[in-house]
Structures are given as C-alpha cells and as structure tokens.
Amino acid sequence: MAQQNKKPQAEQDVNALLKVRHEKLANLQEAGKDPFQITKYDVTVHSQDIRDRYEELEGQEVSLAGRMMFKRVMGKASFCNIQDLKGKMQLYVARDEIGEESYADFKKYDIGDILGVKGKVFKTKTGEISVHAEEIVLLSKSLQILPEKHHGLTDTDTRYRQRYVDLIMNEDVKDTFIKRSKVISCIRRFLDEQGFMEVETPMLVSNAGGAAARPFETHFNSLNEDLKLRISLELYLKRLIVGGMERVYEIGRVFRNEGLDTRHNPEFTLMELYQAYTDYHGMMDLTEKLYRHVAKEVTGSEILKYGDHEMDLSKPFERLTMVDAVKKYAGVDFNEIPDTEAAKALAKEKGIEFEERHQKGDILNLFFEEYVEDHLIQPTFIMDHPIEISPLTKKKPDNPDYVERFEFFMNGWEMANAYSELNDPIDQRARFEAQEKALAAGDDEAEHTDEDFLNALSIGMPPTGGIGFGIDRMVMMMTNSPAIRDVLLFPTMKSIDK
C-alpha cells in the first residue's frame, strides 16, 4: 500500500530539480544578488547583428542579453549559448576574465536563466563567431525546467497552450510570428500608399451584422443591455464612406461562434477595406497587387509553396463566374435550370444535401462548395454569386438574380470576399427583410435589420467597392503553416479541468 502512495520517479526527479532552483534563488537573495531586483540592462546588439557586422565588430566590446540554452563547464573556462530575438550566440566565459566570484556564480546558473553579457567579439579556433565575456549578470532566474533540448517541445496541444515555451524551443515558430508581423505591416504600408486611411470601429455592438455567422453575446452592466461581439467590420466602415472618408480600412479581431478546425478559430483577424467610386473589378485589381506585393516582401518570391502545391502569383489571376465554375468542374449549367424546384431535384439526384428553405441560388452555392472549391489551387476569382447568399451586394444590372461579388481562392481556400457594395436603401431594406424571414425559418446565421445602417444609406453612399481579407489564412499561406492555430500566438483552447 505504501508503494502506491509514492509519486512516479520522473515526477520526484522534476520536483527535486525545481527545489534546487528555488534554493539557488534563495542563496542569491541572501547574498544580495537578487536578479529580480534588476530593472534594466543596456543591450547594444543582437546575435545576428554580430554575425552580419563581424568585420566591423571584431575585437570591439558589445553588450547583449538572452536566455541560456546550453552550457559546458571546463574547469577555469566554459562555453554557453544564449538565445535572443534574432538567434543564438556562443559565449566564452573564463574565470580569469570575469573574476572568481562571478565565475563561481556562473557555474551555478541553469539552462533557461536570462543573462546580460558584455565582452569582445572574436572567432574561436573552429571559426565560430563568439563573444569573449568580460561581465555576466543574471537578469532573471528560471524556476521552471525547459523541455529536453534534443526532443524539444513537440506536443501540439502543449505548444499552443504554452506558446512562450514553444517560441523558446522552436526557432521556426518564432520565425512564423515574425513573418506574421511583417505581413500586417506590409499590408498597412501598401494601403497607406494607395491613399487608404486606417480606422477603428466598435467591437461591442447591439446588432452584429455584415456576415453570415453566429455572434457571441455578452451583457453590459452599466447600461443593462445585452450586446454582441462583432462578426464583421463592414457596416461601420460603410457608414464612414457615407461620411465622406473615401478610402478606409481596418485590421482587427472579429468573433464568430462557430467550430474549431485547421482553418477556423472563433476569434480571428480580419482586414476590410472600402473604396468609394469603384466596384468589384477594382477590388480584384487591388487584391492581385496586394497579394503579389506582400508575397514578394515577406517571402522574397511571387511563387508561394504550400504543402504539395505551388501558387504562382506572378500571372494574372483567373476570373470565373460561379455558374461557369460549376459548369467547368461539375458539368452542370445552372443557366439551364429554370427554378428552385428543378435545382432541388438535381441536388437530390447528385446527393447534395440542402434545407427546405433553400432557393435556386443556395443550391448553386452548394454545388460550388461540393465540386469546385478543391480545384481552385492557383489564385482564382469566383465572381457573380447568387443574390440569395449575398444580402449586402449590388445586383448585376443585366441579371438581377446574381450580384457583383467575388471570392478569392487559393489552395482550395476562400482567402477574400468582395462586393460592389449595395447602396440602395430601399433594396437593402428588402434584403434585410428576406434575412429576417430566413432567421425565422431556422437560419441562425442570418442577419437582423440594422435601422441605423439603413438611415446611413438613406443619407447617400457613393458607388463603392469593398473587400474582406482573412489575415490568418494569408499568413498560413505565406509561412506554409498547416493549421490556423500555428499562426495565432494564443489560439482558443478548451480549458483544462483543474
């Protein structure tokens, strides 16, 4: 029975190691060397800077700081590696250089401790660029144990939950998030140069519109009102177009109460932009230029490699209507299908599941999702969607059953969604009424009528092109990341039972 109460050996070993680290900290504090009392350290270079500027810095004193990831003690001299934002740097630590007391302290430092180092740049006999330490300061004591270096941190669930450890142990992960930052700053520069103005709109809203999605709901105590987290940026940005701000964009989080998979997270980063006096063709041209620009700036090439595919962004992107795409890949011409009943009969024949409330346009979209999406590997614009699935979009003047909308696809994924924006308030009210009927019929992703938005349209909105980009999917493509969680620093995770 006593044997059953004993902790597993591995857990005992870890606890013993943690106890030693706490004891080391206590000893430092008793000796007046508490690292947590240090408030700053002057850093002059990062590791990669030393490599890039070696000829200039050889023999010069530098100051750098980082986390110790490796240590080899050899009597009176030792080697260690510290890791900073830009990589790792080898340190040569000699007792005669830093002094006996500092060297004795150094020998007790643990992997994971954060050090500040001053010393001269040199090359070892093997040709490795290093820093000959003249001073080492313990800036922060690591009281936890990092994963074993040869195996690293490989469990995906732990990686997502403890991203801070993931960033320490996996260099490619840090590179992904550095590239993510570059993607967003690159988009901003591109749009700023095109005359767009970045704005911010509310996250807490009384009516979450602009997309087909279920919102998260919350309660605002001060006003005693139920509110929702936004699912889109659209309706507020269009209000700004009405107000005369002719080119606006926003990059921000939106929240959709939907499932988790490799391409969906309930909170994600959306970029929407609206440009007065243009249409969805203008948005296609802008999308081509933006994607090429970002790919070249972030990856150095207009050819993107993702998984087994290569997407060539250097060529003009293919442009297909949804009807033509279904005809091309499914062999079905919806121009020859007269009405909803005929569309439903064809769906039954092909084994396409649909809901009773669905109209002909909904069925066309279901055929597109079933037969076409997976084929759209190269950059492709799918244009002219059925009106049933596009409540905020202008009708095509020559065919009012369809609207001036496109979705941008790569690798079989929807990457962007764009419209010639509906600016007729009477038509918009009728579309909202149709959405309300769909909501009553069981579509919990249908939109509610937004009276203030209708009032804005009644003031007058110019002809406008608008587009929404999924930033996370763009980053996935630019970094060859297999799942959306790989490009979100802190993805949504199910809580661990305590």
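I began with the aromatic rings and found that Tyr 291, Phe 317, Phe 381, Phe 406, Phe 408 and Phe 469 are linked by ring pairs into a cluster, where rings of Phe, Tyr and Trp (its six-membered ring) pair if their centres lie within 6.5 Å, and planes under 30 degrees apart count as stacked, over 60 as edge-to-face and the rest as tilted. I note that this is a predicted model, in which local features need pLDDT of at least 70 and side-chain atom pairs count only at pLDDT 80 or more, while totals for chains, interfaces and linings use all residues. Residues are numbered from 1 along each chain as its sequence is written, and side-chain values use heavy atoms, with hydrogens and water left out.

**Entry: ring pairs.** I looked up the total and found 14 aromatic pairs in the structure. The rings of Phe 79 and Tyr 92 have centres 5.2 Å apart and planes at 50°, so I recorded this pair as tilted. Phe 79 belongs to strand β2 (residues 77-84) and Tyr 92 to strand β3 (residues 87-94), so the pair ties together parts 13 residues apart in sequence; helices (H or I, at least four residues) and strands (E, at least two) are DSSP runs, numbered from the N terminus. Phe 79 is buried at a relative accessible area of 16%, whereas Tyr 92 is partly exposed at 23%; buried means under 20% relative accessible area, exposed over 50%, and partly exposed in between (1.4 Å probe, protein chains only).

I then turned to Tyr 291 and Phe 469, a tilted pair at 6.1 Å centre to centre with 35° between the planes. Tyr 291 lies in helix α10 (residues 280-299) and Phe 469 in strand β20 (residues 464-470), so parts 178 residues apart in sequence are tied together by this pair. Tyr 291 is buried at 0% relative accessibility, and Phe 469 is likewise buried at 0%.

**Entry: charges over rings.** I found Arg 239 over the face of Tyr 236, 4.5 Å from the ring centre, and the charged end of Arg 247 over the ring of Phe 196, 5.6 Å from its centre. The criterion is NZ of Lys or CZ of Arg within 6 Å of the ring centre and within 35 degrees of the ring normal.

**Entry: the barrel.** I traced a closed barrel of five strands in the order β1-β2-β3-β5-β4, with mixed pairing, two strands being paired if DSSP finds at least two bridges between them. Strand β1 (residues 61-74) pairs with β2 in the antiparallel sense over seven bridges, and Val 73 has Ser 78 of β2 as its bridge partner. Helix α5 (residues 100-108) packs on the sheet and touches β1, β2, β3 and β5 (129-140), its direction making about 60° with that of β1; contact means heavy atoms within 4.5 Å, and axes are lines fitted to C-alpha atoms, for helices over the stretch in contact, with angles from 0 to 180 degrees between N-to-C directions.

**Entry: helix α11.** I listed the buried residues of α11 (residues 322-330) as Met 322, Val 323, Ala 325, Val 326 and Ala 330. Seen down the helix axis, these buried residues fall within an arc of 160°, so they line one face of α11, the arc being that of the directions from the helix axis to the C-beta atoms. They pack against β14 (318-321), α13 (360-371), β15 (380-383), β17 (399-403) and β18 (405-410). Just after α11, Gly 331 has a positive phi of about 70°.
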